[in-house]
Amino acid sequence: MCGLLRLGVGVGLAFRARWAVWLAIGESAFFIPIEIHGLLRRYTEEAAGHHRAEMFRHPELGILGIFLVLVVNVVIVWYLFANRNRLFRHHHQ
């Protein structure tokens, strides 16, 4: 599914579709709630002293690491949104 979304963004931007700009920003913003959920879950697990073994859990990426990934993603989405006219200038003609 994620591959189809990226394909849609790529094709839309290649054909200079106006909707592709918003899809690119939305695709970047999509992961923010997931990162917040992961941060809150990790925080509550560590506060309770529980450590569940998960298939894709990165053991060296603690709460600070997840928080930094969240901050970087928010900054990227903000940058794309704030500079959408300059970055995607050819889409607004």
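**The buried residues of helix H4**

Which residues are buried in H4? They are Gly65, Ile66, Leu70, Asn73, Val77 and Leu80, where buried means under 20% relative accessible area, exposed means over 50%, and partly exposed lies in between (1.4 Å probe, protein chains only). Seen down the axis of H4, these buried residues fall within an arc of 140°, so they line one face of the helix; the arc is that of the directions from the helix axis to the C-beta atoms. On the other side of H4, Leu64 and Trp78 are exposed.

H4 has 20 residues, and from its first C-alpha to its last it reaches 28 Å, close to the 28 Å expected at 1.5 Å a residue. The expected span is 1.5 Å times one less than the number of residues in the helix. Helices are DSSP runs (H or I, at least four residues), numbered from the N terminus. The cover over the buried residues of H4 includes H2, H3 and H5.

**Basis and confidence of the model**

This is a predicted model, in which local features need pLDDT of at least 70, side-chain atom pairs count only at pLDDT 80 or more, and totals for chains, interfaces and linings use all residues. Residues are numbered from 1 along each chain as its sequence is written, and side-chain values use heavy atoms, with hydrogens and water left out.

The chain averages a pLDDT of 80, and 82% of the residues score at least 70; pLDDT is the predictor's confidence in each residue, from 0 to 100.

**The largest nonpolar core**

The largest nonpolar core has nine residues in all: Val21, Ile25, Ile32, Leu39, Ile66, Leu70, Val77, Leu80 and Phe88. Such a core is a set of buried Ala, Val, Leu, Ile, Met, Phe, Trp, Tyr and Cys residues joined through side-chain atoms within 4.5 Å. H2, helix H3 (31-48) and H4 each give two or more residues to this core, and H4 gives the most, with four.

Valine 21 belongs to helix H2 and is buried, with a relative accessible area of 1%. Valine 21 and phenylalanine 88 are 67 residues apart in sequence, yet 6.9 Å apart in space, C-alpha to C-alpha.

**Serine 28 and leucine 80**

Serine 28 is also in helix H2 (residues 18-29). Because its relative accessibility is 18%, serine 28 counts as buried. Leaving aside neighbours within four places in sequence, serine 28 is in contact with Asn73, Val77 and Leu80, contact meaning heavy atoms within 4.5 Å. With neighbours within four places again set aside, leucine 80 is in contact with Ile25, Ser28 and Leu87.
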